Amino acid sequence: MGKHLAPEAKKTETKKPRAERVVQIPVRPYVRKGPSRRAGEADAPGRDMLNKTLDRTFSTSDLILGALSLFLLILAWFLPTTGLIRLLSFLLPFLLAGYSYLYEAFQEAFLGIVLGRELIVSLASLMAFCGGSSFSGAAVMVFMKLCDLALAFTESLHNEKVEALYALRPESASLVRDGVPSAVPAGELQIGDVIELAPGDVVPADGVVISGASSLDASALTGGSHCFPVAAGSAAVSGCRNLTASLRIRVERTQDDSVSAALIRSAENSWMHRSPQELLLGRVLSYVSPALVVLALLFALIPSVITGEWRSYLVRAAILLTVSQSFSVVQSIKLCYDCAAACAAAKGVLFKGHDVFEALSRAETMVFDKTGTVTEGIYRIKEVFPRGVSSDQLLFLAGAAELRSRHPIAKAIVSASGVYASDINVVDIRETPGRGVCAFLDGRSIYVGNAALMDEHGIAYASPSITGSVIHVAVDQHYIGHIVLEDALREGAFDALEELRIAGVSTGVLLTGDVHSSARKIASVLNFDMVKAELSPEEKCKSVEYLMTNRNVNTTLAFVGDGVCDTEALRLATVGVAFACFDKPEAIEVCDAAILGGDIKTLPRAYRIAGRAARSAFENAVVCAAVKLAVLIFGAAGVFSLGFAVLLQTAAVLLEALNALRVLYYEDKDFSLRKEKNK
Ligand code: ADP
Ligand code: MG
């Protein structure tokens with residue numbers, strides 16, 4: 001497995017002893033499921049072609065240079081000059097636009113990079129000059145400059161959007177050494193360090209609150225208003241702003257392995273998992289580009305010798321050389337995904353590669369987990385049914401057993417029981433995902449969980465008299481009653497699912513470990529066709545597997561879960577979408593896309609962004625292929641001049657850059673507004 005969110009190079013400086021360091025079980029870094037590169041991808045032909053990046057950044061001086069050379073080119077075209085003066089007037093824009101390319105071409109020639117972009121284009125330009133078409137020779141360079149400017153400009157706007165996210169990653173942190181806080185670079189924080197966070201500070205790395213009580217604002221991270229209270233024991237997620245009082249936090253992940261870093265990396269699109277189309281394109285181009293260069297050279301030689309019209313064929317060969325250049329198409333497609341990643345990250349959605357956009361856009365079926373996904377995941381106790389003990393005793397024992405569990409049911413029981421970790425000595429807590437917990441307190445074993453847990457331990461239990469999620473409690477095999485809880489639907493869940501259905505996604509399957517009655521209630525409100533309840537995490541996986549094998553070819557299956565008891569299903573589905581997971585790093589680790597916040601309307605948004613990205617990338621590929629093919633045919637036939645050929649190709653690149661920008665600023669209209677319009 002590749003380490004997806006790993007920093008490029010960790011500082012190897014020897015660690016100074018620091019106060020309040022505690023021994024920690026090392027946490028796994030965030031990884032992307034499957035090999036970080038698909039088998040053979042690294043060596044696949046065309047990979048080099050995909051990995052080339054624009055090494056020019058957008059600058060005003062470059063823009064002025066590009067505009068000036070274009071102006072001089074047009075001026076030279078209209079000036080009524082002839083002979084040497086005309087040649088010189090075209091040489092000026094040629095040199096202005098192309099001096100850096102010529103320099104790089106020399107370097108490439110020196111290093112033996114015969115298919116180098118700059119070398120090929122410079123060759124095409126010089127061939128045009130030799131063929132007597134000085135306008136075309138200059139135009140090749142000027143238009144190449146304009147193409148690069150367009151791509152660099154798009155890239156700079158993408159970078160601007162990414163830089164806005166850097167606010168989530170403060171540069172310094174207040175490290176507590178011997179009880180005294182002192183400023184250190186946040187990138188140097190280590191697991192176990194204790195940091196102090198004043199009101200207004202941003203949490204620099206994922207950790208857990210060890211003292212203080214305050215509120216954290218996660219809106220910059222999740223892309224929607226999101227404040228919540230924290231106290232000792234609460235998770236402190238990097239990128240959240242501390243609002244009211246000072247907190248002490250124990251670091252549980254280094255800054256580079258923290259959630260905010262994951263989001264920033266996704267916006268920068270540094271995962272570089274390519275979409276299948278890109279891989280295919282890279283493979284095709286790796287054969288087509290050199291073939292075109294060879295064809296161009298043959299074109300320059302053979303017909304020239306036969307017909308004697310070497311000037312005309314030299315220019316036509318130059319056209320073929322310009323067609324052989326695929327850099328801008330690869331870049332324009334990559335930019336579509338980069339822009340989509342930045343657009344999604346600004347909304348708190350993390351995509352782990354180009355292939356995820358593509359796969360999500362092809363999702364035919366979305367399978368949903370219930371608790372914490374379509375429901376709030378915040379349980380409320382409806383009623384307590386004790387047997388031979390008081391309600392308070394039942395809640396106390398259940399709360400004590402549930403103290404360490406992060407399940408939403410456990411949280412509700414613990415808060416109703418009033419039990420604090422410091423009050424009691426619970427040992428050997430064993431949690432069975434999808435069933436419940438078993439814990440030992442003062443020599444007694446306490447079982448808290450669903451009917452399956454009771455069956456597993458051979459404990460007879462009573463049937464509930466009201467509907468809801470039923471949690472049975474037993475002490476040393478003696479049944480002492482049950483607690484009935486209920487969870488509320490997420491606000492906007494109905495609209496979000498309807499919107500996905502309108503977009504053509506089948507959202508008919510609900511999987512849950514909860515009881516049938518609760519599941520059916522939710523399913524009927526949200527119009528699910530199929531509900532599978534009382535599932536263990538393994539059974540959830542089997543259901544996902546079954547649906548995956550029975551889906552239509554060319555479509556994908558997405559599983560949307562909150563990462564509690566469903567991480568395996570997230571890993572298994574073609575697209576695992578972790579939802580409301582900003583404080584669940586283990587879910588972010590295994591998923592393909594993560595929606596950090598809990599606003600379910602972000603799900604159709606993410607789906608639309610994925611669709612927009614995949615469509616734009618496809619459109620760019622089609623535009624480029626059509627233009628290149630037309631230029632190839634009509635250029636070789638002598639219908640298109642070289643000047644027109646490069647003008648056409650430049651227009652295509654400008655169009656492609658604009659198309660990528662459309663993705664960057666893709667602002668979807670609110671579904672409710674659209675519904676109102678349709679009325
Ligand atoms: P869902 O599939 O709806 O997200 P889960 O798989 O998280 O639900 O849990 C399924 C069921 O397992 C719960 O409804 C509950 O009955 C039981 N369960 C899981 N964890 C616990 C726990 N810590 N305490 C009590 N019951 C639990
Ligand atoms: Mg769940």
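**The shell around ligand 1**

Tutor: Ligand 1 is surrounded by 22 residues, of which the closest are Thr-371, Glu-402, His-407, Thr-512 and Lys-540; a residue is counted here if one of its heavy atoms lies within 4 Å of the molecule. This is a predicted model, in which local features need pLDDT of at least 70 and side-chain atom pairs count only at pLDDT 80 or more, while totals for chains, interfaces and linings use all residues. Residues are numbered from 1 along each chain as its sequence is written, chains are lettered from A and ligands numbered from 1 in the order in which they are written, and side-chain values use heavy atoms, with hydrogens and water left out.

Consider next the polar contacts, that is, pairs of N or O atoms within 3.5 Å. His-407 places a polar side-chain atom 2.6 Å from an oxygen atom of ligand 1. For Asp-369, a polar side-chain atom lies 2.8 Å from an oxygen atom of the ligand. Gly-434 contributes through its backbone, with an N or O atom 3.0 Å from an oxygen atom of ligand 1. On its own, ligand 1 has 550 Å² of accessible area, and the protein covers 99% of it; such areas come from the Shrake-Rupley method with a 1.4 Å probe. The elements that give two or more residues to the shell are α12 (370-374), β14 (436-441) and β15 (444-449). Helices (H or I, at least four residues) and strands (E, at least two) are DSSP runs, numbered from the N terminus.

Helix α11 (residues 354-361) is largely enclosed by the rest of the structure, because seven of its eight residues are buried. Buried means under 20% relative accessible area, exposed over 50%, and partly exposed in between (1.4 Å probe, protein chains only). The buried residues of α11 are His-354, Asp-355, Val-356, Phe-357, Glu-358, Ala-359 and Leu-360.

In helix α8 (residues 276-307), Leu-298 is partly exposed, with a relative accessible area of 41%. Leu-285 also lies in α8, but Leu-285 is buried, at 11% relative accessible area. Leu-285 and Val-330 are 45 residues apart in sequence and 9.5 Å apart in space, C-alpha to C-alpha.

Technical notes. Polar contact = N/O pair within 3.5 Å; in protein donor to acceptor, adjacent residues only side chain to side chain.
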